[in-house]
Amino acid sequence: MVKAAARAYIGGMVTRLYTHPIFLEHITPPGHPERPDRLRAIERALDDEAFAALDRAEAPEGDEATILYAHPQEFVERVRAMIPATGIARVDADTTASPKSWQAAVTAIGAANAAVDDVFRGNAENVFVAARPPGHHAEKTTSMGFCLFNTAAIAARYAQRQHQAERVAIVDWDVHHGNGTQDIFWDDPSVLYCSTHQMPLYPGTGAVSETGAGNIVNAPLAPQTGSEVFRDAFLSRILPALDNFAPDLIIISAGFDAHHRDPLAEINLTENDFDWATGQLMQRAGRHSDNRLVSLLEGGYDLQGLAFSVVAHVGRLMKG
């Protein structure tokens with residue numbers, strides 16, 4: 001861990017990285033796309049002198065009580081009961097749990113909440129959380145899509161409860177729509193949820209007509225489209241919504257499976273698109289939220305595409 005006194009600045013920005021070995025112990029079946037090697041690929045990519053100034057910290061285990069910020073107690077206990085003593089248990093057709101999955105999921109929540117603390121307390125201006133399992137498909141009462149709990153939703157509520165944030169924006173550029181985040185905040189105008197995603201594609205939600213309490217902004221992308229369409233969606237829908245909302249904090253559900261190498265979808269982005277989108281969101285964070293921005297890893301299943309994209313994303317967070 002890099003001590004506070006030794007933090008280095010790149011362009012005046014302090015970027016923190018949270019991760020933890022426990023995230024490798026959330027075991028999925030052989031051949032499953034959401035696998036520990038994803039984090040190993042990220043670790044190798046960021047183990048480069050270009051990232052020497054990255055403020056690295058071990059993720060703290062989360063407070064289980066904060067799970068209730070986004071999920072009811074009955075559901076939390078149901079997930080706890082699914083964790084097997086040995087082997088792998090199936091939660092649904094795509095989602096599994098292993099003996100360390102509970103600890104991994106709670107530590108992912110702890111990292112996200114610590115990131116929120118960091119940006120509100122001035123310990124960092126932005127934070128990237130490299131954790132698994134991901135979270136944005138977890139609905140209020142349903143684990144699905146590789147996700148047990150909705151980490152981004154919990155972090156948004158944590159910012160509101162612990163730091164009195166009045167307005168939190170979640171921007172989700174994972175290639176799959178974050179149905180869980182939309183479900184949790186459907187009728188809550190204090191949280192803006194914006195998503196670019198391929199449509200049609202799992203989980204089948206995310207139409208433009210799905211607007212919640214006026215706080216849901218979906219920008220679906222047709223299969224086989226790429227940079228131009230993605231950037232237009234940001235410029236025409238996502239960024240104006242952020243400017244109108246003027247959030248106190250921006251959270252990114254940072255899935256990198258819209259990369260052209262990814263096997264689970266058909267959107268043809270490059271790492272340069274994630275660099276560009278990161279920069280656009282940093283501009284809005286600077287304009288509205290005193291640079292406060294927290295990025296949480298979601299999808300991204302081709303290891304090379306994931307590594308390249310994270311390098312571009314974190315590099316932009318550091319450079320400003």
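User: With which handedness does H1 pass H8 in their crossing?

Analyst: This is a predicted model, so keep that in mind throughout. H1 passes H8 in a right-handed crossing.

User: How do I describe two packed helices in general?

Analyst: Take H1, residues 37–46, and H8. Their axes come within 9 Å and cross at roughly 45 degrees. H1 and H8 are therefore oblique to each other.

User: Which residues of H1 and H8 meet?

Analyst: From H1 come Asp 37, Arg 38, Ala 41, Ile 42, Ala 45 and Leu 46. From H8 come Leu 303, Leu 306, Ala 307, Val 310, Val 311 and Val 314. Now sort this contact of H1 with H8 by class: ten residues are nonpolar, none are polar and two are charged.

User: H8 also packs with H7. What are the angle and the axis distance there?

Analyst: H7 covers residues 271–288, and H8 covers residues 303–319. The angle is about 25 degrees, and the axes are 8 Å apart. Angles under 35 degrees count as roughly parallel. H7 and H8 are therefore roughly parallel to each other. The crossing of H7 past H8 is right-handed.

User: Which residues of H7 and H8 meet?

Analyst: H7 brings Glu 271, Phe 274, Asp 275, Thr 278, Gly 279 and Met 282. H8 brings Phe 308, Ser 309, Ala 312, His 313, Arg 316 and Leu 317. In the contact of H7 with H8, five residues are nonpolar, four are polar and three are charged.

User: Next, H3 and H4. At what angle do they pack?

Analyst: H3 spans residues 101–121, and H4 spans residues 151–163. They pack at about 40 degrees, with axes 9 Å apart. H3 and H4 are therefore oblique to each other. Their crossing is right-handed.

User: Which residues of H3 and H4 meet?

Analyst: On the H3 side, look for Ala 108, Ile 109, Ala 112, Asn 113, Val 116, Asp 117, Phe 120 and Arg 121. On the H4 side, look for Thr 151, Ile 154, Ala 155, Tyr 158, Ala 159 and His 163. The contact of H3 with H4 has nine nonpolar, three polar and two charged residues.

User: Step back now. How many helices and strands are in the chain?

Analyst: Count eight helices and ten strands. Along its principal axes, the C-alpha trace spans about 50 × 50 × 40 Å. With 320 residues, a compact globule would have a radius of gyration near 20 Å; the chain has 18 Å, which agrees.

User: Which domain feature does UniProt place at residues 32–315?

Analyst: An unreviewed UniProt entry lists "domain: Histone deacetylase" there, at residues 32–315. Over that stretch, 32–315, the chain is 39% helix and 15% strand. The end C-alpha atoms of the stretch are 29 Å apart.

Methods
Residues numbered from 1 in each chain as written. Predicted model: local features only at pLDDT ≥ 70, side-chain atom pairs only at ≥ 80, totals over all residues. Heavy atoms only, no water. Axes fitted to C-alpha atoms, helices over the stretch in contact; angles between N-to-C directions. Helix = DSSP H or I, 4+ residues; strand = E, 2+ residues; numbered from the N terminus. Parallel < 35°, antiparallel > 145°, perpendicular 65-115°, else oblique. Left-handed = near helix turned anticlockwise from the far one by under 90°. Contact = heavy atoms within 4.5 Å. Nonpolar A, V, L, I, M, F, W, Y, C, P; charged D, E, K, R; others polar. UniProt positions renumbered as here; feature names shortened; annotations may be inferred. Rg over C-alpha atoms; globule rule 2.2 N^0.38 Å.
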